[in-house]
Amino acid sequence: MIKDPSALHSPSEEAYDLADAPELKSEVMTLNVGPQHPSTHGVLRVVVDLSGEQILRLTPHIGYLHTGFEKNMENRTYTQDITYTPRMDYLHSFAHDLAYALSVEKLVGAEVPLRAQTIRVMLNELSRIASHLVFLGTGMLDFGALTPFFYAFREREAVLDLFEWVTGQRFHHNYIRIGGLKEDLPEGFLEQVKKFIAAMPARIDEYEGLFRESPIFYERAKGVSVIPAEDAINLSLTGGSLRASGVNYDVRKAYPYAGYETYAFEVPVLQGGDIFDRVIIRALEMRESVKIIAQAVERLEAMGEGPVRDPDPQISLPPRKLLETSMEAVIYHFKLVTEGFHPALGEVYVPTESARGELGYYIVSDGGSMPYRVKVRAPSFVNLQTLPYACKGVQMADMVVVIASLDPVMGDVDR
Amino acid sequence: MTAFSIRRVPKLGFVGLLGIAPAFAQASEASTDPLWMVGIKAFLVIFGLLTAFAYMTLIERRILARIQIRQGPNRVGPDGLLQPLADAIKSILKEDIVPRAADKLVFWLAPMISVTFAVLTFGLIPFGPKHAFFGFDPWVINLDVGILYIFAVSEIAVYGIFLAGWASNSKYSLLGSLRSSAALISYELGLGMSLLAPVVLVGSLNLQAIVEWQHTHGWLILYLLPAFALFVVSSMAEAARTPFDLPEAEQELVGGYNTEYSSIKWALFQMAEYIHLITASALIPTLFLGGWRMPGFLTAIPWIGGFFAWPYLWMFVKIALFLFFFIWVRGTFFRLRYDQLMRFGWGRLLPLALIWFLIVAAVVAFKLPLSILAWLSALSLIGFSIYVVLGAKPQAPRRTMRPGVGD
């Protein structure tokens, strides 16, 4: 920096090579964001090192919503455990119900009637739409736009009304049973679903237009926080965020379950890997979900009435009527309610596709009526490890948007 | 090399204050109102502004609610009309928390600076012809340096936000105040340049003179459409409204500069924001839309006159129009990032305003007919429409990332 030391006694500008001068002294500021913060989507806490507004390092801290679901599930029977599953991912709760039921059904070898499977697929896709709507609404809120939130929630409200009608609950449905469903759909339900899916494509177009044609949104989202395909795979990213990076992996296609292989639908894949594509892909997925629902409704109408539960008395409760006439039914009923069923020794894992990514329940059975161990492969938890990588070098203002674009649900992260 | 010290900023504010003081001494000689009347009018303006602020919050919430398919506050009083009163009582009665680490004096001073300098500009805006207010002039004071004064005072109001963020001694607040200064240096030049166009064309900084010029020549928006558009955009930035509300940015900075503020101090910041908005909505018609006069073509219709030509009515209509526009924008837009705001300010606003200013200056200097400006304005409108309809396919932005420490 100093060219001529002797000139120091008479300091002048020539004595200093200004091109070589260090920048103004600046400090790295450590900022704690959360767990109570308007846009950490629950109680995520992140500690960021900032240089100005640029993020140098980000450390997520989780566990503020830890509820011990997995441990609790070891102390309840397989049937009772279904109470816990929707409470993890409360936005796409049918995915959790379904993933758990599929694992247990594989363990006990239950056979789900076709009608129940079709209803499951229909409700699961409805739930996926509701979840993506929350993603779009709250995500736009993080971009500073208030209005899309209300419009997204208008449609979501319609879905939740449908759920309330079927299950009696808006969030924690408790509708899926091991081997089938609690009961059949109420009368006139399919008509309402048809009305909903008829209105939905136009609405999705509206939302997609809002994202695609807003220059400010484009500026803020395009090319920001790019996750290349290779890194996305190495970070175990799944779900829409992975497909936005150009990797065609959807469990519904790769390892079909619940009869997804019989439905005609596309898996949208985008190449950008940035926030823009991660938002757009959700809109595209909603469109595919609508297609699946339409097919499911068609099949249900063609199918007519039928059983919605595995008739095996070892697994499902006997019909209420039978208890008045059959001693055997009373015994089965008593055994199931007081003790539950005993699956064979073994372990099982069935991957499914939730709105957030690959979701599966790894269940170990020791032959008792309660699982020995339940481990949830929760997409939010695994996707969240991408956050430090995805946030590196972005602005503070982008950080909240990156969190939103990875779509974590904290209940799904801290189980 | 002395490091920039944040503690110097208040001094700058007071120096700025002193700089304005002589401006009062140069009040136009044409003003004939006695001093007591000026006092009454000043009181009326402040009283009116505070009431307007209170109801502006209600109107904004109701209109936003309409945009967002919901009802808005409608419980307190008939149709929610008493909601502002309830809000005022609530914000006064809430606990006033001052963080222990805060700089108490500046923390206390900042909202006052904010609201004081927001109120100071409104008195210049003419609400009618001379002697229209019970024989007195319908403005508080008529300065020959009017626009300069408005520009100076409204820029000082930013110090309120800046100091608030600094005095809170909280990191979120600091980021918010840094953003507000970053925003200031981005939009200020565009704002000033777009204001120069009418000044050069009219040849006066006096708002009254600008309104009179528009009476004889036609509204300035006809000649200076680009300047008008740039000024409206910059005004939104000045009031820190939605596309430019980065100093507050609830989702990122939890409220930014006002994170640590509560009770009436917080309300004062809100007040300053809305008063800025109201002032901007009054200033834009005064500069570009003929001020308090009704549109010229309406005078041809015989039954219009009397009440319908009432200056206050037209001023009110024009202010309301722009207030609605600002609310509409808030309900529609995404927020910019602060580096994008700076790029927008320096890369778009300033060059456009500068080019337009040069055109206007050339027209004035070479005494060219004004119709050239009108044609150019029309041309720019057509060009912009074509750009929006056909060419506004967003371009991939340049990435301004640099590797972090340790990369």
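**Close-up 1. A:Leu270 in the loop between helix H9 (251-254) and helix H10 (275-303) of chain A.** In this predicted model, local features need pLDDT of at least 70 and side-chain atom pairs count only at pLDDT 80 or more, whereas totals for chains, interfaces and linings use all residues. Residues are numbered from 1 along each chain as its sequence is written, chains are lettered from A and ligands numbered from 1 in the order in which they are written, and side-chain values use heavy atoms, with hydrogens and water left out. The helices named here and below are DSSP runs (H or I, at least four residues), as strands are runs of E with at least two residues, and both are numbered from the N terminus. A:Leu270 counts as buried because its relative accessibility is 18%, where buried means under 20% relative accessible area, exposed means over 50% and partly exposed lies in between (1.4 Å probe, protein chains only). Apart from residues up to four places away in sequence, A:Leu270 touches A:Arg243, A:Ala244, A:Ser245, A:Gly246, A:Asp277, A:Ile280, A:Ile281 and A:Leu284, a contact being heavy atoms within 4.5 Å. Between A:Leu270 and A:Ala232, which are 38 residues apart in sequence, the C-alpha to C-alpha distance is 13 Å.

Close-up 2. A:Ser405 is buried because its relative accessible area is 1%. Its side chain reaches the backbone oxygen of A:Val402 at 2.9 Å, which is a polar contact, that is, a pair of N or O atoms within 3.5 Å; within protein, one atom must be able to donate a hydrogen and the other to accept it, and residues adjacent in sequence count only if both atoms are side-chain atoms. With neighbours within four places in sequence left aside, A:Ser405 is in contact with A:Phe135, A:Ser241, A:Ile275, A:Arg278 and A:Arg282. A:Asp407 has a phi near 60°, a positive value in a residue other than glycine, and A:Asp407 counts as buried at 4% relative accessibility.

**Close-up 3. A:Ser236 in the loop between helix H7 (229-234) and helix H8 (240-244) of chain A.** The phi angle of A:Ser236 is near 60°, which is a positive value in a residue other than glycine. A:Ser236 counts as partly exposed because its relative accessibility is 30%.

**Close-up 4. The packing of helix H9 (residues 225-238) against helix H12 (residues 311-332), both of chain B.** The two helices meet at an angle of about 65° and their axes are 11 Å apart, the axes being lines fitted to C-alpha atoms, for helices over the stretch in contact, and the angles running from 0 to 180 degrees between N-to-C directions. H9(B) contributes B:Phe228, B:Val232, B:Ser235 and B:Met236 to the contact, while H12(B) contributes B:Phe322, B:Phe325, B:Phe326 and B:Val329. Of the residues in this contact, seven are nonpolar, one is polar and none is charged, where Ala, Val, Leu, Ile, Met, Phe, Trp, Tyr, Cys and Pro count as nonpolar, Asp, Glu, Lys and Arg as charged, and the others, Gly among them, as polar. As for the chain that holds this pair, the secondary structure of chain B comes to 14 helices and zero strands, and 50% of its 407 residues count as buried.

**Close-up 5. B:Thr286 in helix H11 (residues 263-288) of chain B.** B:Thr286 is buried because its relative accessible area is 0%. The side chain of B:Thr286 reaches the backbone oxygen of B:Ala282 at 2.7 Å. Leaving aside neighbours within four places in sequence, the residues in contact with B:Thr286 are B:Ile125, B:Pro126, B:Leu207, B:Ile210, B:Val211, B:Gln214, B:Gly291 and B:Met315.

**Close-up 6. B:Ser170 in the loop between helix H5 (146-167) and helix H6 (171-202) of chain B.** B:Ser170 counts as buried because its relative accessibility is 12%. The side chains of B:Ser170 and B:Glu260 are joined by a polar contact of 3.2 Å. When residues up to four places away in sequence are not counted, B:Ser170 touches B:Gly165 and B:Glu260.
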